[in-house]
Amino acid sequence: MDDTESKKVRRPRLDLEEDASFAPPLPAGSQGESHESVLAKTMSSLTFEEQQVAIHDLHGVSEVTEDDPRMIEEKLAEMEVELSKISSKDAYLLAKEISPGYVCNKELRLLFLRSDLFNSRDAAVRFVKFFAVKLRLFGREKVGKDILLSDLEPEGLDFCRLGGSRWLPHRDRAGRAIFFVLPNLSKRKFSVDCRFRAMLWTFFNALRDKETQMKGLILVFFNVGTSGSFDPQLFYHLREMVQCIPSRLIGFHICYDNPMRRPVISLLIAALDKFITARCRSHYGTANECIYELMTFGIPREAVPITDDGQPIVEGPFGPVERAAKRMEQEKLPPPKELLIFIPGPFDVLLGRQKLCQDHIGNLRYRHLILSYQADYEVASKHEKTVIAERIVKEVHRKGGHFLTEYFADYIEVSDIVARKKVAHAFRSQRKIQNRKKGRQNQETTISTVLTPKEGSKSQVDVDSSAKASASKLHYEGLTTLPGGKRDFTECL
């Protein structure tokens, strides 16, 4: 083993014969402990290096290393050897017999290697367990195929449309995908297998995105306000899901507002494996207080689907109902040739006029980049303007970003030619904005000059009254905008 492999912090090994029930036995001595105590015990059992890695993962400051093609081939070969050593693998063998191309697909196996930090044995165990769960949930016909939204039963489709468990349209500040759970969002009770099938599709759908594979994901269990009572079964449901699918969970947040739930949460945290427990944090308080706590871990406020008064947001152009409808349409078409992005990253530029595009952090960075080149662009020749546009496109790519356009429920990357045209359009739009601002400033100067009273011409009271009447008319006609976005001339008089 080389030095780089020896330094990697490995996840605890998965036991293939581990009981997959939703309520596993708790560790000895964990009964009655607070979750702070459970976390402290877990952290003290780790080495200093493992503690630092857990803290860095949780706060999103861990380094993400690029894959080495030579190392990938070696690990794939090792994984094949480890698969041959596993004796109990009926579901895996059945899937391989039905669809060998699917089971032996390198991209599929690479998902499992990345989730276990290229530990070949753990990846092989997870791979076999995944097919066992898939066979139990979907049967023989689907064990060797990708799961589609149309494969879910009506109850599973209703669960997806409800939005109680969903991927957020924004990543956190470190570029990790966020899976948000609102337990008991509806009074309707769904069966365990129904939720499991729906969430298996949901997770695997997101894992098509390479950035999610590389950087891992964050799980938020938001049990505050209207979310209802605590659902331990759903909690263990998520636990089993994380163990059998190729997801690298590197942050787990539990939010709650009922102090009576503390003992239950402590027991549930104690039932997690050491790797996840070290990356788990609980937050107690109102909806806003919990949201602010999540923000300290890099989760942006605009990503959390909760209003200021604690109500869940389930509708809108990117709500679960709309996304499920778009996904059904998308699955009827062949996969696009362009790069497909499930969740845009912090350096991606979204092309569109929707509020989600305008508020996306990548678009905010992009507008700042446009402003920094605006003066040079205005005095440049036609050829020089093309060079500036190319420079901006390359700068976005250098940061790992893409120029994306909406494709049903996902995004696809546009070509560099289209990206340059969009950059040129952004410069022209910015020029119009600046011209409008200059016009408004000139109007404000003219209005100020006209409305300024001359000494001895009239009484000050009559002048002020006339000025306010004129300002009220100009405010109604919308001729200017004051700093802060307020349209009110009377404040300047």
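Where is R279 found?

R279 is found in the loop between α14 (274-277) and β5. Helices (H or I, at least four residues) and strands (E, at least two) are DSSP runs, numbered from the N terminus. This is a predicted model: local features need pLDDT of at least 70, side-chain atom pairs count only at pLDDT 80 or more, and totals for chains, interfaces and linings use all residues. Residues are numbered from 1 along each chain as its sequence is written, and side-chain values use heavy atoms, with hydrogens and water left out.

R279 is buried, at a relative accessible area of 3%. Buried means under 20% relative accessible area, exposed over 50%, and partly exposed in between (1.4 Å probe, protein chains only). A polar atom of the R279 side chain lies 2.9 Å from the backbone oxygen of F275. Leaving aside neighbours within four places in sequence, R279 is in contact (heavy atoms within 4.5 Å) with V53, A54, D57, L58, L249, I250, G251 and F252.

## The five-stranded sheet

Five strands form an open sheet. Their order is β1-β2-β3-β4-β5, and the pairing is mixed. The edge strands are β1 (165-167) and β5 (280-284), each pairing on one side only. Two strands pair if DSSP finds at least two bridges between them. On average, neighbouring strands of this sheet are turned by 15° against each other, direction ignored. For such angles, axes are lines fitted to C-alpha atoms, for helices over the stretch in contact; angles run from 0 to 180 degrees between N-to-C directions.

β1 and β2 (residues 177-181) run antiparallel, joined by three bridges. W167 has F179 in β2 as its bridge partner.

## The nonpolar cores

The largest nonpolar core has 71 residues. A nonpolar core is a set of buried Ala, Val, Leu, Ile, Met, Phe, Trp, Tyr and Cys residues joined through side-chain atoms within 4.5 Å. Those with the most contacts inside this core are F112, F127, F131 and W167. Helix α8 (residues 120-138) gives the most to this core, with 10 residues. Apart from it lies another core, of 20 residues, among them I370, Y373, A424 and A426.

F112 sits in helix α7 (residues 106-115). F112 counts as buried because its relative accessibility is 0%. Beyond residues up to four places away in sequence, F112 touches M79, A123, R126, F127, F130, F204, C244 and P246. F112 and C244 are 132 residues apart in sequence, and their C-alpha atoms are 9.6 Å apart in space.

## Helix α5: two sides

Helix α5 (residues 90-98) has A91, Y92, L94 and A95 buried. Seen down the axis of α5, these buried residues fall within an arc of 165°, so they line one face of the helix. The arc is that of the directions from the helix axis to the C-beta atoms. On the other side of α5, D90 and E97 are exposed. The buried residues of α5 pack against α4 (69-85), α6 (100-103), α7 and α8.

## The four-stranded sheet

A sheet of four strands is also open, with mixed pairing and the order β6-β9-β8-β7. β6 (340-341) and β7 (349-351) stand at its edges. Each has a single partner strand, so one side of each is left without a neighbour in the sheet.

Two bridges join β6 to β9 (residues 410-413), and these strands run antiparallel. L340 stands opposite I412 in β9.

Note on methods: Polar contact = N/O pair within 3.5 Å; in protein donor to acceptor, adjacent residues only side chain to side chain.
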